[in-house]
Amino acid sequence: MDYESFKEQFIADVKDALTDQGQDMKISVSRIDKLNESYEAITVTPEGSNVGVNMSLEKFYGAVEDGIFYESVVDKAAETILRGFEQKPDIDVNELTDYSRMKERLAMPIFKEKNFFPAKEHLLSR
């Protein structure tokens, strides 16, 4: 099975597995860019919520390519998603998006060497 076929089938099967467990979830695909990596992920969000779980599609595809049974990979994904929601912290998204409430909590890291001191070569050229 090629990656694109896997992705379509995997999303449908994970959604079915979650539905079988009484969960009404929305699943979408997105590109996740982190500091040291980038990957394609499924984003699973409960209906009516804007907080979800991201999981790497590429890792699940790799597991199937490594010989793990497809059904086991789907079951593990559904189990991991449900555990993620059970362990999620309480988040007030309205607070996060309200600048007047968040401005006191915002901070910007300052690195003295990079922000305040010009490059040595710049100082020597004067």
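The largest nonpolar core of this predicted model contains 25 residues, and those with the most contacts inside it are Phe10, Val14, Leu18, Ile42, Val44 and Ile81. A nonpolar core is a set of buried Ala, Val, Leu, Ile, Met, Phe, Trp, Tyr and Cys residues joined through side-chain atoms within 4.5 Å. Buried means a relative accessible area under 20%, exposed means over 50%, and partly exposed lies in between, with a 1.4 Å probe and protein chains only. Helices H1, H2 and H3 and strands S1, S2 and S3 each supply at least two residues of this core. The largest share, 8 residues, comes from H3. Helices (H or I, at least four residues) and strands (E, at least two) are DSSP runs, numbered from the N terminus. In soluble globular proteins, nonpolar side chains tend to be buried together.

Some conventions apply throughout. Residues are numbered from 1 along each chain as its sequence is written, and side-chain values use heavy atoms, with hydrogens and water left out. Because the model is predicted, local features need pLDDT of at least 70 and side-chain atom pairs count only at pLDDT 80 or more, whereas totals for chains, interfaces and linings use all residues.

**Contacts of two residues**

Ile81 touches Val14, Leu18, Ile42, Val44, Val53 and Met55, not counting residues up to four places away in sequence. Contact here means heavy atoms within 4.5 Å. Pro46 lies in strand S2 and counts as partly exposed, at 22% relative accessibility. Leaving aside neighbours within four places in sequence, Pro46 is in contact with Asp24, Met25, Val51 and Phe85. Pro46 and Ile27 are 19 residues apart in sequence, and their C-alpha atoms are 8.8 Å apart in space.

**Helix H2**

Helix H2 covers residues 57-65, and its buried residues are Leu57, Phe60, Tyr61 and Ala63. These residues lie on the same side of H2, because they cover an arc of only 155 degrees around the axis. The arc is that of the directions from the helix axis to the C-beta atoms. On the other side of H2, Lys59 and Glu65 are exposed. The buried residues of H2 pack against helix H1 (3-20), strand S1 (25-33), strand S2 (38-46), strand S3 (53-56) and helix H3 (70-86).

Ser56 caps the N-terminal end of H2, with a side-chain oxygen 3.3 Å from the backbone nitrogen of Glu58. This rests on the definition of a polar contact: a pair of N or O atoms within 3.5 Å, where within protein one must be able to donate a hydrogen and the other to accept it, and residues adjacent in sequence count only if both atoms are side-chain atoms. H2 is followed by Gly67, whose phi is positive, near 105 degrees.

**Aromatic pairs**

A pair of aromatic rings is described by the distance of the centres and the angle of the planes. Rings of Phe, Tyr and Trp (its six-membered ring) pair if their centres lie within 6.5 Å; planes under 30 degrees apart count as stacked, over 60 as edge-to-face and the rest as tilted. By this rule the count comes to 5 aromatic pairs. Tyr3 and Tyr61 form an edge-to-face pair, 5.3 Å centre to centre with 80 degrees between the planes. This pair links distant parts of the chain, as Tyr3 in helix H1 and Tyr61 in helix H2 are 58 residues apart. Phe6 and Tyr61 have ring centres 5.1 Å apart and planes at 55 degrees, so this pair is tilted. Phe6 in helix H1 and Tyr61 in helix H2 are 55 residues apart. Tyr61 is buried, with a relative accessible area of 14%, and Phe6 is buried at 0%. Ring pairs link Tyr3, Phe6, Phe10, Phe60, Tyr61 and Tyr70 into a cluster.

**Salt bridges**

A salt bridge is a side-chain nitrogen of Lys or Arg within 4 Å of a carboxyl oxygen of Asp or Glu. The structure holds 5 salt bridges, including the following.

| Glu4 | Lys7 | 3.3 Å |

Glu4 and Lys7 are separated by about one helical turn, because they are 3 residues apart in helix H1. Glu79 and Lys76 are likewise 3 residues apart, in helix H3. Glu79 is partly exposed at 41% relative accessibility, and Lys76 is partly exposed at 41%. Salt bridges that share partners join Glu4, Lys7 and Glu40 into one network.
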